[in-house]
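Take a moment with the sequence and the fold before reading on. The paragraphs below walk through the chain step by step.

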Amino acid sequence: KSKKNVAHHYDISEKLYDLFLDEKRQYSCAYFKNDNDSLETAQNNKIQHIIKKLNLKPNQKVLDIGSGWGSLAIEIAKASKCEVIGITLSENQLEYSNKKAKDLNLENQVRFKMMDYRELNEKFDRIVSVGMFEHVGRKFYNKYFKIISKLLNNNGVALIHTIGSVNPPRDPHPWITKYIFPGGYTPSLSEVVKPIENSGLIISDMEVLKMHYSHTLRHWKERFSSKKNQVLDMFDEKFFRMWEFYLTGCEMAFKWGDQVVFQFQLTKNYTSVPNTRDYIY
């Protein structure tokens, strides 16, 4: 069912995403140091911010859960001498990521696999997941964090980046569920913290990104709308209006509503990361 839900959104057309995403095909919240940053600059900021939070060391083994089109895993490999494994349930993303790694001669350092996180059974020094937790589903939160704990070495660090809500728990949005992200859900903080505690993991750092996704979605919406004729060549007027509504509605939810992005840094002990945040900034 997870694979079917992923295919509904990510396997519709490669060309569609090239119309509105940045050149690295980052389909998650960017990091705007300034409101007028370009989308490319902000997405690179996001990648570098996450890489710094992971506090990578040479020859470590890194897992990227929900690796998208592969750019985060590839940038981690470039920035470190780490071995990176990216897993996805999207056939389109898998094919694109493997080709990209091959083109960059990084095949020995980065590998992408078609598999669910629940199928893994090996240890990693670092685990990163960006924009995948929204697809896990509430009833699997305990299992998800228990598996993160099982896969993470004793001195390991995990970084989970997810959309969340500042309000108490509520039902998922029926329109988004039906047309855009079947099985998707953006959790309240209270729904995430308990499963983390149950797993034995420690929240060693946490950041709430406010307004960043509103800016990201504004860029996506403007690019998407400006390419209307190309969208209509691929799909129809109904699809265009549906996606325009999706991008606009989500932009407003992050600007005026309850939506933010949570970044959880998780460890198993107090000494896995430095005592101050100087290494990030």
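What follows moves from the whole chain to single residues.

Start with the overall picture. This is a predicted model. The chain holds 11 helices and seven strands. Its C-alpha trace spans about 55 × 45 × 40 Å along the principal axes. How does the radius of gyration fit a compact globule? For 281 residues, such a globule would have a radius of gyration near 19 Å. The chain has 18 Å, so the two agree.

Next, look at what is covered and what is open. Of the 281 residues in the chain, 54% are buried. The accessible surface comes to about 13100 Å². Carbon and sulfur atoms account for 50% of that surface.

Now turn to charge. The chain carries 41 positive and 33 negative side chains. The centres of these two sets lie 4 Å apart. How many salt bridges are there? The count comes to 16. Three of them are worth a visit.

Begin with Arg 25 and Asp 18. Their side chains meet in a salt bridge, with 2.8 Å from N to O. The two partners differ in cover. Arg 25 has a relative accessible area of 5%, so Arg 25 counts as buried. Asp 18 stands at 47%, which means that Asp 18 counts as partly exposed.

Go on to Lys 78 and Glu 75. This pair also forms a salt bridge, and the closest N and O atoms are 3.3 Å apart. Both residues sit in helix α4, which covers residues 71-79. They are three residues apart, so about one helical turn separates them. Is Glu 75 buried or exposed? Glu 75 is buried, because its relative accessible area is 12% and buried means under 20%.

Glu 191 lies in helix α8, residues 189-199. Arg 138 lies in the loop between β4 (124-130) and α6 (141-151). The pair therefore ties together parts that are 53 residues apart in sequence. Glu 191 counts as buried at 16% relative accessibility. Arg 138, at 36%, is partly exposed. Salt bridges can also share partners: Glu 14, Asp 18 and Arg 25 are joined into one network in this way. Arg 25 and Asp 18 are the pair with the 2.8 Å contact described above.

Leave the charges and look at the backbone. Find the loop between α3 (39-54) and β1 (61-65), where Asn 55 is placed. Asn 55 is not a glycine, yet its phi is positive, at about 50 degrees. Asn 59 is found in the loop between α3 and β1 too. Its phi is near 70 degrees, again a positive value in a residue other than glycine. Asn 55 is buried, with a relative accessible area of 16%.

Now step inside. Leu 39 is in helix α3. Its relative accessible area is 0%, so Leu 39 is buried. What surrounds Leu 39, leaving aside its neighbours within four places in sequence? Leu 39 is in contact with Phe 20, Leu 21, Asp 22, Thr 216, His 219, Trp 220 and Arg 223. Take Trp 220 from that list. Leu 39 and Trp 220 are 181 residues apart along the chain, and 8.5 Å separates their C-alpha atoms.

Finish with Ala 73, in helix α4. Helix α4 also holds Lys 78 and Glu 75, the salt-bridged pair. Ala 73 counts as buried, at 0% relative accessibility. Beyond its neighbours within four places in sequence, Ala 73 is in contact with Asp 64, Val 84, Val 110 and Phe 112. Val 62 gives another distance to check. Ala 73 and Val 62 are 11 residues apart in sequence, and their C-alpha atoms are 8.5 Å apart in space.

Technical notes: Residues numbered from 1 in each chain as written. Predicted model: local features only at pLDDT ≥ 70, side-chain atom pairs only at ≥ 80, totals over all residues. Heavy atoms only, no water. Helix = DSSP H or I, 4+ residues; strand = E, 2+ residues; numbered from the N terminus. Rg over C-alpha atoms; globule rule 2.2 N^0.38 Å. Buried < 20%, exposed > 50% of the residue type's maximum accessible area, 1.4 Å probe, protein only. Areas by Shrake-Rupley, 256 points an atom, 1.4 Å probe, with all protein chains shown as cover. Lys, Arg positive; Asp, Glu negative; His and termini not counted. Charge placed at Lys NZ, Arg CZ, Asp CG, Glu CD. Salt bridge = Lys/Arg side-chain N within 4 Å of Asp/Glu carboxyl O. Contact = heavy atoms within 4.5 Å.
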